Every structure is written in C-alpha cells, then in structure tokens.
Amino acid sequence: MAFFRPRVSREAEVRYHADQEISKSFPELLDKARQAEQTVRELRAAAADDIELLAAAREFDKALTDALRAAEAGQRATFGVKAYDDRIARRKARATPAGRMWTDEVERLRTLREENRLWGMPPVPRPVPATL
C-alpha cells in the first residue's frame, strides 16, 4: 500500500502565482529606483537644501522598498512552489544559479536601502524654541 503525500498546499500555489505576478513588475520598479537615485545624486551635487534632499531620499527609499518587494517575490517564485512549504526545497533552490542571482539581487537592494536610511537621509530639521 502506497501512501501519497500531497505535493503542495493550495495556499502555496496561490502565493506562488501571486509572486509570479508581482515579480513581473520588477524591471520597471528597478528603473524607478535608479531614477530616484539619480535625482538624489544630482541634488547632492548641486548642494540642495536639506528639505529637498530629504524629500528625494524618502522617494528613493520608497522606490527601493517597492523594488525589493518585487525582487523578493521573484526570488520566491524562482525557488518554486514546493519551497513555500519545505525549507529543504527552499535551501536547494537557493543553490541553483537562478536562485543565487535573485538572492544576490535581494541582498544588494537591502544593502542599498539600509545605506540610504543610515547615511543618505539628512536629519529632520527641528524648530528652535524661542527663549524669552
């Protein structure tokens, strides 16, 4: 008598197809992040005031976050539907060339976002209280 194990859960299939759809927008989101980065660089080179630089850095952070979410979805979709339920399948998929490419891209985007959050955003200007 053979025991059959279900291949994947229905939830994993739904998440897999959703990640495939989200990852399709990755190139456009990455281009948007590059344009936002270019804007930040131009403002820094022009010695813009902190308010403009802060707004541009926040836009860059938002664009990086969107691109990172799409890259993570692409990574999960590349790993395959079994990887949603099984950590061993996820680990094996990470070792493939396509899995490694997505993992490197996700790590690069996370590093870029953290660098922007730590060093790219000027401090928020605080009003100075008037003394009597």
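A salt bridge is taken here as a side-chain nitrogen of Lys or Arg lying within 4 Å of a carboxyl oxygen of Asp or Glu. By that criterion the structure, which is a predicted model, holds 11 salt bridges. Side chains of opposite charge can pair when their charged atoms come close.

## Salt bridges within helices

| Salt bridge | N to O distance |
|---|---|
| Arg10 with Glu13 | 3.1 Å |
| Lys62 with Asp66 | 3.5 Å |
| Asp104 with Arg100 | 2.7 Å |

The pair in helix α1, which spans residues 10-23, consists of Arg10 and Glu13, and because these are three residues apart they are separated by about one helical turn. Arg10 counts as exposed, since its relative accessibility of 61% lies over the 50% cut-off, whereas Glu13, at 29% relative accessibility, counts as partly exposed.

In helix α3, which runs over residues 50-79, Lys62 and Asp66 are four residues apart, a spacing of about one turn of the helix. Lys62 is partly exposed at 45% relative accessibility, and Asp66 is likewise assigned as partly exposed, with a value of 21%.

## Packing of α3 and α5

How do the axes of α3 and α5 stand to each other? They come within 9 Å and cross at roughly 160°, and because that angle is over 145 degrees, α3 is described as roughly antiparallel to α5. The crossing of α3 and α5 is left-handed. Sorted by class, the residues in the contact of α3 with α5 are 12 nonpolar, eight polar and five charged.

## Aromatic pairs

Where ring centres within 6.5 Å are required for a pair, the count comes to two aromatic pairs. One of them is formed by Tyr16 and Tyr84, whose rings are edge-to-face, with 6.4 Å from centre to centre and 80° between the planes. This pair links distant parts of the chain, as Tyr16 lies in helix α1 and Tyr84 is 68 residues apart from it. Are Tyr16 and Tyr84 buried or exposed? Both Tyr16 and Tyr84 are buried, so each has under 20% relative accessible area.

The other pair is that of Phe26 and Trp102, which is edge-to-face, with the ring centres 5.3 Å apart and an angle of 65° between the planes. Here too distant parts of the chain are linked, since Phe26 belongs to helix α2 (residues 26-45) and Trp102 to helix α5, the two being 76 residues apart. Phe26 and Trp102 are both buried.

Technical notes
Residues numbered from 1 in each chain as written. Predicted model: local features only at pLDDT ≥ 70, side-chain atom pairs only at ≥ 80, totals over all residues. Heavy atoms only, no water. Buried < 20%, exposed > 50% of the residue type's maximum accessible area, 1.4 Å probe, protein only. Axes fitted to C-alpha atoms, helices over the stretch in contact; angles between N-to-C directions. Parallel < 35°, antiparallel > 145°, perpendicular 65-115°, else oblique. Left-handed = near helix turned anticlockwise from the far one by under 90°. Nonpolar A, V, L, I, M, F, W, Y, C, P; charged D, E, K, R; others polar. Phe/Tyr/Trp six-rings, centres within 6.5 Å; stacked < 30°, edge-to-face > 60°.
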